[in-house]
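Here are my notes on this structure, written for someone new to reading models. Keep the 3D view open and follow along point by point.

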Amino acid sequence: MGPIDPSRLSRWFDAYGAALSLYARQWLEAGLADDIVQDVFIRLMSQRAEPRNVKAWLFRSVRNAAISGLRSGKRRQRHEEQAAARRPAWFEARAEDLIDAATAQDAMMSLPSDQREVLVLRIWATMTLRDIAELLDEPVSTVFSRYQAGLEGIRNRLVLSCRTKND
Amino acid sequence: MQNEERLTPAEREVEAALGALRAAGCGIDRDRLMFQAGRASVRRPLHIWQGTSAVLCLALAVSLAVHSRPQPAGRDEYASADGSRTSTAEVVPFETPAVGSGLPIAGGQYLRLRDEVLARGLDALPRPTAASVTAHEPGPQIERLFQQVPRASRRWGLFGLERLVSTGEQS
């Protein structure tokens, strides 16, 4: 494989940029998440050859960088301060949505991080369970269990939310 | 996928509802990203060239340093067919004489001497010095034999020499 054609970056950014940013926000606040996504795209272009699976490479790199960033005490402190100040939207609010964007975000945030991660990768990054298993270095059955538990958790949360509103 | 077929209708419903949500756009400046990414892709070949040049310069410097060092006198060891070392000989480094150091004619005098030889013949050549004469071995054997030929027979030249060799007489 030869060097990466810069014109392809635009396509990858359009295809995966938003999902990568959403993925990074599982660990970091929006500003830091975007910084990391940007750094990963730049790193991709400085690779000697195009990775075999660019999508998997991007998500793996963002995951590693985000977790590494979260471990950094300085960033964690900043993250907590900014998270306390404001809560960035994970989803665009649109009239045709079946679920309210803010409610969905609340439901997602209530999930355990391992279930939430699988949901983001499966639904918004449109990765297969096999690809997710490879990315997380877990068996497919484990990934599916987390996915199912995450969906069930969201459903319970939404049902609870509806009951609260009706009451 | 087979695993996903095991989802309940309720879970599928939630999956579809979540899937309809669009992830919020990231706050990355697209133009800036493209510029930085393009710069990063150009910087890599530059690093390759810089690295290659540095390695070549280093190799050249090492090579010059090794060759400029004087070679110590070494010893050659010879081994016989049975593998035992039989003799050694000291190897003296060869010294190249300086140009013109031992030559009777130096530099630009050659052309002048050549012209004189062309004009006057071999008499124009300088007489060999005593040192240069004694430094040389005596003449070839045939000249020494020729000296033994009687003076009277010398006029016969090679014929007299041939006779001397065949008969062994010295008259």
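**Notes on the two chains and their contact**

1. Start with chain B. Among its contacts with a separation of 6 or more, residues 24 or more positions apart account for 0%. Bear in mind that this is a predicted model.

2. What pattern does chain B follow along the sequence? It reads α-β-α-β-β-α-α-α-α. That gives six helices and three strands.

3. How much of chain B is buried? Of its 171 residues, 16% count as buried. The accessible surface of chain B is about 14,000 Å². Carbon and sulfur atoms hold 59% of that surface.

4. Now turn to chain A. Here, residues 24 or more positions apart account for 63% of the contacts with a separation of 6 or more.

5. Chain A has eight helices and one strand. Its pattern along the sequence is α-α-α-α-β-α-α-α-α. Trace that order in the 3D view.

6. What share of chain A is buried? Buried residues make up 47% of its 167 residues. Chain A exposes about 8,500 Å². Of this area, 46% comes from carbon and sulfur atoms.

7. Next, the place where the chains touch. The size of an interface is often given as the accessible area lost when the parts come together. Chain B and chain A bury about 3,600 Å² between them. Carbon and sulfur atoms carry 67% of that buried area. The contact takes 29 residues from chain B and 44 residues from chain A.

8. How many residue pairs are in polar contact between chain B and chain A? The count is nine, with both residues at pLDDT 80 or more. Which elements of chain B give two or more residues to the side that touches chain A? They are helix 1 (9–20), strand 1 (22–23) and helix 2 (30–68) of chain B. The residues on this side of chain B divide into 16 nonpolar, six polar and seven charged.

9. Salt bridges come next. Side chains of opposite charge can pair when their charged atoms come close. Over all chains, the whole structure holds 10 salt bridges. Between chain B and chain A, the count is two.

10. One of the bridges between the chains joins Arg30(B) and Asp14(A), at 2.5 Å from N to O. The pair runs from helix 2 of chain B to helix 1 (residues 6–24) of chain A. Is Arg30(B) buried, partly exposed or exposed? Arg30(B) counts as partly exposed, because its relative accessibility is 30%.

11. Arg22(B) also reaches across to chain A. Its partner in a salt bridge is Glu92(A). The closest N and O atoms of this pair are 3.8 Å apart.

12. Other salt bridges stay inside chain B. Asp115(B) and Arg114(B) meet in one, at 3.5 Å from N to O. Asp115(B) has a relative accessibility of 41%, so it counts as partly exposed. Arg114(B) is partly exposed too, with a relative accessible area of 40%.

13. Look next at Arg120(B) and Glu116(B). Their side chains form a salt bridge, 3.7 Å from N to O. Both residues lie in helix 3 (residues 109–120) of chain B. They sit four residues apart, about one turn of the helix. Arg120(B) counts as exposed, because its relative accessibility is 53%. Glu116(B), at 32%, counts as partly exposed.

14. Chain A has a network to find. Asp114(A), Glu138(A) and Arg146(A) are joined into one network by salt bridges that share partners.

15. Finish with Glu50(A). Where does Glu50(A) lie? It is in the loop between helix 2 (30–45) and helix 3 (54–71) of chain A. Its relative accessible area is 18%, so Glu50(A) is buried; the cut-off for buried is under 20%. The side chain of Glu50(A) makes a polar contact with the side chain of Arg8(A), at 2.5 Å.

Terms used:
Residues are numbered from 1 along each chain as its sequence is written. Chains are lettered from A and ligands numbered from 1 in the order in which they are written. This is a predicted model: local features need pLDDT of at least 70, side-chain atom pairs count only at pLDDT 80 or more; totals for chains, interfaces and linings use all residues. Side-chain values use heavy atoms; hydrogens and water are left out. Buried means under 20% relative accessible area, exposed over 50%, partly exposed in between (1.4 Å probe, protein chains only). A polar contact is a pair of N or O atoms within 3.5 Å; within protein, one must be able to donate a hydrogen and the other to accept it, and residues adjacent in sequence count only if both atoms are side-chain atoms. Contact means heavy atoms within 4.5 Å. Accessible areas come from the Shrake-Rupley method with a 1.4 Å probe; for residues, only the protein chains shown count as cover. Buried area is the accessible area (1.4 Å probe) that two parts lose on being put together, summed over both. A salt bridge is a side-chain nitrogen of Lys or Arg within 4 Å of a carboxyl oxygen of Asp or Glu. Ala, Val, Leu, Ile, Met, Phe, Trp, Tyr, Cys and Pro count as nonpolar, Asp, Glu, Lys and Arg as charged, and the others, Gly among them, as polar.
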